[in-house]
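Let's take a friendly tour of a protein and the partners it holds. Have the sequence and the 3D view ready as you read.

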Amino acid sequence: MAWPYPFWIAHRGAGKQAPENTLAAFRVGHAAGFRGFECDVQLSADGVPFLLHDDTLERTTNGQGLGCVLDWAVLQHLDAGSWHSATHVGEPPASLAGLAELASAWNLALNLELKPSPGQAERVGAGVARWLRAHWQAPCPPLLSSFEPEALHAAHAADAQWPLALLLEQWHANAPAQALALHARAVVCHHASLDPAAIAALHAQGLKALSYTVNEAAEVQRLRAAGIDGLITDRLDLRDA
Ligand code: G3P
Ligand code: MG
């Protein structure tokens, strides 16, 4: 499969301009001309994939405690917009099903970050991969990424058709070998530790090199000059910088 993902990927939907990881954030990003989006996916207690960055609900919703211990019937009625702005009062958390409808309608290219709470890596990796097999219809397959090798391993074991990416907070020399062992197509590394040699090492192994979360024009230029294949950003305006 050719690499189908655009260079520019909006972080958590367009998660600064609208409440992160809600469908409103994808609508805003799409209206601004984006079709590449990163977002954070976990599973409700009853196995429904939904979008939430933190383990807990307090920062981005009016709920409390761990998200993964509640059923979707409860989660879907939370307010995930009021914390952001008055414009988005009452915006619900997004299910992956809701996002999949937008992906089909708008031909989105998604990077679904598997974001398991502690102890949930195998369950989330396998659960999301199986859910996608049963439900995904958009032309571009989502890229599944994770900081948790166990989640990537479980996703591959459950359904090997989904492209994978290893997320790293810090570059290390064993990253290409680790990514290949996990059947990953790409490494997505925090920008601060990614240099031209690291990107060349990934390319030498046939891997794509992506970086998060790049919000400065000078850093875009540095990484572009080094051959980066894609950037995750909060700044919808950086494409034009
Ligand atoms: O997927 C890249 C980036 O989203 C990882 O960091 O904390 O924003 O999920 P975080
Ligand atoms: Mg993320």
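What follows looks at a ligand, a metal ion and a cavity.

This is a predicted model, in which local features need pLDDT of at least 70, side-chain atom pairs count only at pLDDT 80 or more, and totals for chains, interfaces and linings use all residues. Residues are numbered from 1 along each chain as its sequence is written, ligands are numbered from 1 in the order in which they are written, and side-chain values use heavy atoms, with hydrogens and water left out.

**Ligand 1**

The residues around ligand 1 (a heavy atom within 4 Å) include H11, R12, F147 and Y212. By class, this shell has four nonpolar, two polar and five charged residues; Asp, Glu, Lys and Arg count as charged. The table gives polar contacts, pairs of N or O atoms within 3.5 Å.

| Side chain | Distance to an oxygen atom of ligand 1 |
|---|---|
| E38 | 2.6 Å |
| K115 | 2.7 Å |
| D40 | 3.2 Å |

Taken alone, ligand 1 exposes 290 Å², and the protein buries 90% of that (Shrake-Rupley method, 1.4 Å probe).

**The magnesium ion**

Which residues coordinate the magnesium ion (ligand 2)? They are E38, D40 and E113, at 2.0 to 2.2 Å; donors are N, O and S atoms within 2.8 Å of the metal (3.2 Å for Na, K and Ca). E38 lies in strand β2 (residues 36–43) and E113 in strand β4 (residues 109–114), so the pair ties together parts that are 75 residues apart in sequence. Strands here are DSSP runs (E) of at least two residues.

**The cavity**

The structure holds one cavity of 30 Å³ or more, and the largest cavity has about 60 Å³ of space. A cavity is a set of points on a 1 Å grid where a 1.4 Å probe fits but cannot get out, and lining residues have an atom within 4 Å of a point. Among the lining residues are H53, W83 and P93.

Conventions. Polar contact = N/O pair within 3.5 Å; in protein donor to acceptor, adjacent residues only side chain to side chain. 1 Å grid on protein atoms, 1.4 Å probe; cavity = no way out; pocket = protein on both sides within 12 Å on 5 of 7 lines; lining within 4 Å. Points joined across faces, edges and corners; volume = space filled by probe spheres on them. Helix = DSSP H or I, 4+ residues; strand = E, 2+ residues; numbered from the N terminus.
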